[in-house]
Structure formats: C-alpha cells, structure tokens
Amino acid sequence: MKLLPRRLLFSLVLLACGLAATLLNAQEGPLDTTLPQGTTPEEIIKHFAAKETEFAKAREQYTYRQDVKVETVDGDTVDGQYHEVFDVLFDDKGKRIENVVFAPQSSLQKIYMSEEDMQDIRHRLPFVLTEQDLPEYNILYVGQQQEDELHCYVFDIAPKKIEGKKRYFQGRVWVDSHDFQIVKTYGKTVPDLCNGHPCNEAKKHGDQENLFPKFTTWRQQIDGQYWFPVYTRADDELHFKMEDVHIREIVKYEDYKRFGTNVKILYEGKEIPSGEKKPDQNKPDQNPPGQTKPQ
C-alpha cells in the first residue's frame, strides 16, 4: 500500500458461513522442534515442492471467485475501504480471464492500492512453493506442530536474494504430513519499496513508500486431492515515515469448479478422471483447513 500525499489529505465483515470464526479459532499445538522420524527435512521439502507443483498446475484449471476487501482503521472506526469482487474464468477459447462483478469506488483516504498490491493479492497471498521456485528460497525446518487435527511440518522461508522488481514471500508455512501440501501460511510479501526500490537500498524515502502487511492464508481440501487457499486475513500497522496506518484485509476464495470435461488432473503422476478421487481417500466429514480433511 502506498501512502497518499498529504496535499490530497489524508469491520471486518462477519462471514455468514462462519468460516472466518472457525479458522481464527483453530487450535494450534505447541511447536515440537525435534527432527522428523523416518525422513529428513530435505526429503520433506523435495516431496512437498513436487506436490505444490502439481497443485499449481491443477489450480490453473479451476474457476473461482475472489473477494478482496482492504480497510484502514482508526481505533474501532473504519475510515476507508477498497472492495473488489472478481471471477476467474475461461473464455470460449479456453483462455483464462478475470471478470469484475463488484467494484465500488474506493473510499481509502490514507493509502491507495499500488500495482504491487494488486499482483500480491492475485499471486502472493495464495502462496505456492513449486519446484521451480525452490532454488530462490532459503528453507529452514523449525519443527512439527498440530493444527487442530492436522499434523504439520513447519518451515521458515525467505528469499535468498531480491532480484530486480520480483516479489517474494517471507515467513512460515505449515505442511500437512499426510498430503505434503501447504495448509497454512503466515508472513508477508517482500521487499517493501521506497521510490520503486527495496527500502534498504533506497537513498531517500518520501511519499513513494510502498509497504505491505503481514498476513495469514488458510487452505481447505476442495476436491479430495489438493488444498486450495480459501481465506486470507491481515491485521497490521504499516509504519510510513509520515504516519502509521492500521490496515485490515480480508481475501476470500470461493466456488472452486473444474473447467470443462477434458481437463487432466494428475496426482502422483497418474491422471485422475473427472469426478473421481485419489485412492484411499477415506476422510471424515468436511471441515475448514486446520480441521479434519474433507472427502
């Protein structure tokens, strides 16, 4: 988010489905820092990067709705809001498109949404760590942790080097020990920008600070094979040189549907026919991520 120049002056909405409350109240166990038994952190990283690569390709074959809300808050009062709802679809030629279905005029007064904010909302908040991305990151095993009924391996992730204007994720991920996919993410997109450059490289600041909040993204198992991002929440204080701004952000990813009937979804290298689930998929009832895994 960029701070608006001073010459221009400078609630969270409850979800009817109850998903937000369930996610935010998920029980997180203590962090066990012992090494995993029967495997190594390096093997786990290799395994989950391969699964994340499969998932990234599969998600490109789904349509869904993304609901984005960004608010600035003064105490308990929301004093500005950006809201956009768009559908990610395919045109009649099978090309991926976005269709905006709701976009009232922004009432944000202290900040405005930058190009980097919009790209982060689409590509970085629903963070996926693929085999192609792996060489760009330092990945540190920090332990094992229970997320409700999920047993997870926990890793800290940071970019090895900031290259040009590329955006990265820095923070922590929880990897389900059964499906080897990321089920929860906490961190932020980096770098913060000052005059279009990483702030630690900029010679001066001023009105061109572009800062980004810390966020948490939860995933839910949608189709019996993959864990899809369903909810992102940020509640952070951005420390601009001129003033501090309290940001609250909610992103919902809804109504996932596979596109067409000739789409091939691969699981462990084998094609899964439309409508079928992977073998041995005996899961209990459907709950949000961090709960039991749905069928």
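This is a predicted model: local features need pLDDT of at least 70, side-chain atom pairs count only at pLDDT 80 or more; totals for chains, interfaces and linings use all residues.
Student: What makes Cys-194 and Cys-199 a disulfide?

Tutor: Look at the two sulfur atoms: they sit 2.1 Å apart. The cut-off for a disulfide is within 2.5 Å, so the pair qualifies. The structure holds 1 disulfide, and this pair is it.

Student: And why is the disulfide of Cys-194 and Cys-199 called right-handed?

Tutor: That comes from the torsion about the S-S bond, which is about 85°, so the disulfide is right-handed.

Student: How do you know whether Cys-194 is buried or exposed?

Tutor: Check its relative accessibility, which is 1%. Buried means under 20%, so Cys-194 counts as buried. Cys-152 has a value of 0%, so Cys-152 counts as buried too.

Student: What about Phe-180: buried or exposed?

Tutor: The relative accessible area of Phe-180 is 14%. With the limit for buried at under 20%, Phe-180 is buried. Phe-180 lies in the loop between strand 8 (168-176) and strand 9, and phi of Phe-180 is near 55°, again positive in a residue other than glycine.

Student: What makes the peptide bond from Val-190 to Pro-191 cis?

Tutor: Its omega: the value is near 0°, and the bond is cis. Pro-191 belongs to the loop between strand 9 (182-190) and strand 10 (193-194).

Student: What makes Met-113 part of a nonpolar core?

Tutor: A core is made of buried residues of the listed nonpolar kinds, joined through side-chain atoms within 4.5 Å. Met-113 is one of 47 residues in the largest nonpolar core, and one of those that touch the most other members, along with Phe-48, Ile-111, Phe-127, Phe-155 and Val-173. Leaving out residues up to four places away in sequence, Met-113 touches Met-1, Val-70, Tyr-82, Leu-108, Met-118 and Ile-121. Another core, of 7 residues, lies apart from it, with Cys-152, Trp-174, Val-183 and Trp-227 among them. As a general point, nonpolar side chains in soluble globular proteins tend to be buried together.

Student: Now the spaces. Why is one called a cavity and another a pocket?

Tutor: In a cavity the probe fits but cannot get out, whereas a pocket is an open set. The largest cavity holds about 100 Å³ of space. Its lining has 13 residues, with Met-1, Asp-120, Leu-125, Pro-213 and Glu-249 nearest its centre. Helix 3 gives the largest share of that lining, 3 residues.

Student: And how big is the largest pocket, and what lines it?

Tutor: The largest pocket has a volume of about 500 Å³. It is lined by 19 residues, and Arg-59, Glu-60, Arg-122, His-123 and Pro-126 are the closest to its centre. Strand 4 gives the most to this lining, with 3 residues.

Student: How are the residues lining the largest pocket divided into nonpolar, polar and charged?

Tutor: There are 8 nonpolar, 3 polar and 8 charged residues. Arg and Glu count as charged, so Arg-59, Glu-60 and Arg-122 go in the charged group.

Definitions and conventions
Residues are numbered from 1 along each chain as its sequence is written. Side-chain values use heavy atoms; hydrogens and water are left out. On a 1 Å grid over the protein atoms alone, a cavity is a set of points where a 1.4 Å probe fits but cannot get out, and a pocket is an open set with protein on both sides within 12 Å along at least five of seven lines; lining residues have an atom within 4 Å of a point. Grid points are joined across faces, edges and corners, and a volume is the space filled by probe spheres set on the points. Helices (H or I, at least four residues) and strands (E, at least two) are DSSP runs, numbered from the N terminus. Buried means under 20% relative accessible area, exposed over 50%, partly exposed in between (1.4 Å probe, protein chains only). Contact means heavy atoms within 4.5 Å.
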